[in-house]
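Hi,

Here is the model I said I would pass on. Have a look first, and my notes follow below.

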Amino acid sequence: MRTIMTGNQAVAEAVKLAKTEVIAAYPITPQTVIVEKLAEMVDSGELDAEFIRVESEHSALASVYGSAVAGKRSFTATSSHGLLYMYEMVWWVANARVPLVMSVVTRTIGPPWNIHTDHTDILTMRDSGWIISMAENVQEAFDLTIQGFKICEELSLPFTAGMDAFQLSHTSEVVDLPDQETVDEFLPERKQSYVFGDEDFTVGSIGPNEYTFKLRKDTFETMLKAEKVVEKVSREYEELTGRNCGLFEEYKLDDAEYAIVMMGAWSGDAKDAIDELRREGIPIGLLKLRYVRPMPRKIKRVLEGKEVLVLDRDCSMGVGGILGLELKSFVDNVSNVIAGVGGVDVGVEELVKMFSLFVEGKLEETWWFV
Amino acid sequence: MQVVECLISKPSKGSAGKTGLWRTYKPVVDESKCNLCMLCWLYCPESVISSGGSCIVIDYEYCKGCGICSEICAKKAIEMVLEE
């Protein structure tokens, strides 16, 4: 069904269609509308789920940790400071290999107090063992959330579906929603990782050092396998809906000599900027990352022989953009620019200027674009 | 996931090892004073005290020597003795 809705509404619809059984969340702009919408659905009986009102984000993730360990399909959502407040549980959930989905509506970390988009918040999860995805538009925010449940349950790893504050969360776009039967066919019932009959047991109690070592090694190896699982699940989703939402998207990249790498809503503006430069005959294309974890290693092959510019809406102080650092670890010819941090507006015009400087070889490395 | 057993623990005696090795002072019971009121059993945080019929019995493999039993004993039947 084609309809119009905001990113927040679309994510709530995805959570409903996934037949989520437990939801716990604490309000924070710009995420609040997701759980408000879900609370309404639970209240009206449209969604048969337990909605737990909690006193903090730490408790929100702790609650769904418990319900997901117990075998229930579970969801929470947060942003920025809320994410940082639940940071202990972010690691706890991943280290305990608990499958659940969390929507992170990316928002600047203060001070100064700022509610606009910046990717530094979601990237604080980078090393924790979560699957980390990022949407370009409302449709992708919806699709990634639905797929997140299947991916996390197959891998026994938590999944975060990221989308940019306001640019997606509060912007209405046309979305195509699959019907319940299609989603049911795609998404089987929740699998349980811990099955011990009626015996009592504790998850995540004290253990020998070697157990921790074994667990971390297993998560590392699972993350490597995750690339295949994401691709498999996105193919299954494509067969049912016609939309591919795999690890990354290539845009006019085949014959490109210059490649832009980035993630999130502003990738749409980058496509327009690339169209403009293409009209001037410049062989430039875009590789849009939909996933940061697992990091799609095969982009090394896709980017081979091209001049690469990685665009970051986030930074690691004194070193560079976080995606820039990541790509430099395995891709050749990478330059890196930090822009749009703190929600500073970067539109098509600015991107055209930036990409032109890059093509002319006049772009300063880790240039702070203003 | 092949490592689920690394995350799971089930109720069992001494799952964290022989914690009696941590002890500095050892609770020693005077059998002639103990009247089996079981206050020490109630207060013991490690569940290492049981009834031996005529006197309480302490499981020294897991007793950490905290001394709560000695403090709580109304009959002053438990003395804390420095371990050798």
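A quick definition to start: helices (H or I, at least four residues) and strands (E, at least two) are DSSP runs, numbered from the N terminus. This is a predicted model, so local features need pLDDT of at least 70 and side-chain atom pairs count only at pLDDT 80 or more, while totals for chains, interfaces and linings use all residues. Residues are numbered from 1 along each chain as its sequence is written, and chains are lettered from A and ligands numbered from 1 in the order in which they are written.

S47(B) sits in the loop between helix 1 (39-43) and strand 3 (49-51) of chain B, and its phi is positive, near 55°. S47(B) is exposed, with 10 other C-beta atoms within 10 Å (exposed means 12 or fewer, buried 20 or more, partly exposed in between, with C-beta atoms placed from the backbone). K252(A), in the loop between strand 10 (248-251) and strand 11 (258-262) of chain A, also has a positive phi, near 50°. K252(A) counts as partly exposed, with 16 C-beta neighbours inside 10 Å. Most residues other than glycine have a negative phi, and most peptide bonds are trans. The bond from P111(A) to P112(A) is cis, with omega near -5°, and a cis bond also joins R293(A) and P294(A), omega about -5°.

As for the chains, 11 residues of chain B are in contact with 18 residues of chain A (in contact: C-beta atoms, placed from the backbone, within 7 Å). Strand 9 (202-203) of chain A pairs with strand 1 (8-9) of chain B, antiparallel, over 2 bridges (pairing takes at least two DSSP bridges). There, V203(A) has I8(B) as its bridge partner.

Cheers

Technical notes: Contact = placed C-beta atoms within 7 Å.
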